[in-house]
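Please consult the sequence and the structure while reading.

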Amino acid sequence: MEHHTFGGEVTFPHAAPTDDSKKRIIKTTIILSVITIIELALGFWIYKMHEGGSPSHSLIMFLKGIIIILSLAKAFYIVSIFMHLGDEIRNLIMTIVVPLILFVWFIAAFLYEGNSWKNLRHEYRPKDPVKFEKTETPVHH
Amino acid sequence: MAQAAVNTKWWGGGKSPFNVEYGKLMMWYFLMSDAFTFGAFLISYGTVRMSSASWPDPNHVFNAVPFFSGVHMPLVFVSFMTFVLIVSSVTMVLAVNEGHKGNKQGVIKYLFWTIVFGLIFLGSQAWEWTHLYHEGAWWGHNPFPNADGTVATTNFTNFFFTITGFHGFHVFSGVVINLIALLMTQNGVFERRGHYLMIEKVGLYWHFVDLVWVFVFLFFYLV
């Protein structure tokens, strides 16, 4: 097995480039373009529903969810094929991907917090605003 | 080969346990930390948007296209920018591919096109920022109403300019780095070194810029 030495480190070359590697790039390009076109079509659909008045909120949330999942698929293809992370050895993939799991809690906690803040503000909004009155006795002695 | 026969385990010593050189591994870790930076930006944007009763409709804000002034065309110009960045990512991966083969002219050709598409993206963003600025939008100024017709806070423009600006700064530095890599390739630095691993590291950074744009495009323009 042929090996290279870079600054004293011993590493083994990845699979030699063949015509397949170019085919794979073209295939990934087509996948990314098609996903983007689908996303844009869904985006236009959402826009048209807003213009048409009385849009169905649950349908819009569903479409937005689909667009987010499609974007995650795009991210997977870019990282796995274009950045060649899929071709690295498992240990390396894990040190990159496992810390990113923190994002799950990060997103869930913060969006919940934001929503809660909105609800609290709505809950405690002044229903009967109290007028400011000047008191005669000073608060501080 | 005796050495490989003795050390059959990745962590047995005598070889790189991740099978990549130091610089590439560190580029991956840098990009991971950068992902958290962008993640923090986008999540704070999401948090503030969730806490707002209403928010401006992106289709009524980002609706302008160069040479079609006054025409309402939502999503059109940003689609163009997105495709430019995807294409630049493809030419970058082709440059890396040529580097694997040790084909200097191929690396030069594809790096050149990557830089061209990067500059087109930067120019498009500069146009969009200028257009929005002339409509009265900037940090601390938001001329756009909420989708429900109420007056919006400046959160919308603050987040938009901060996050697309931070991304644009990454694109700019990526173009500069690509340009340096192009000049080094042209001068035969990598040819003398015997490998084009530097093009792979530069490529990782450039793909990351495209990756971030996927999410900026998603959260500012689409949803």
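Predicted model: local features only at pLDDT ≥ 70, side-chain atom pairs only at ≥ 80, totals over all residues.

The length of α2(B) can be checked by a simple calculation. At 1.5 Å a residue, its 30 residues should span 44 Å, and the end C-alpha atoms are 43 Å apart, so the two values agree.

Leu31(B) also belongs to helix α2 (residues 22-51) of chain B. Is this residue buried or partly exposed? Leu31(B) has 19 other C-beta atoms within 10 Å, whereas a buried residue needs 20 or more; Leu31(B) is therefore partly exposed. Apart from neighbours within four places in sequence, Leu31(B) is in contact with Leu204(B) and Phe208(B). The C-alpha atoms of Leu31(B) and Thr114(B) are separated by 20 Å, and these residues lie 83 residues apart along the chain.

The two chains also meet: 47 residues of chain A are in contact with 47 residues of chain B. On the side of chain A that touches chain B, at least two residues are supplied by each of β2 (9-11), α1 (19-51), α2 (57-82), α3 (90-100) and α4 (102-123) of chain A. The largest share, 13 residues, comes from α1(A). The residues on this side of chain A divide by class as follows.

| Class | Residues of chain A on the side touching chain B |
|---|---|
| Nonpolar | 28 residues |
| Polar | 11 residues |

Terms used
Residues numbered from 1 in each chain as written. Chains lettered and ligands numbered in written order. Helix = DSSP H or I, 4+ residues; strand = E, 2+ residues; numbered from the N terminus. Buried ≥ 20, exposed ≤ 12 C-beta atoms within 10 Å, placed from the backbone. Contact = placed C-beta atoms within 7 Å. Nonpolar A, V, L, I, M, F, W, Y, C, P; charged D, E, K, R; others polar. Expected span 1.5 Å × (residues − 1).
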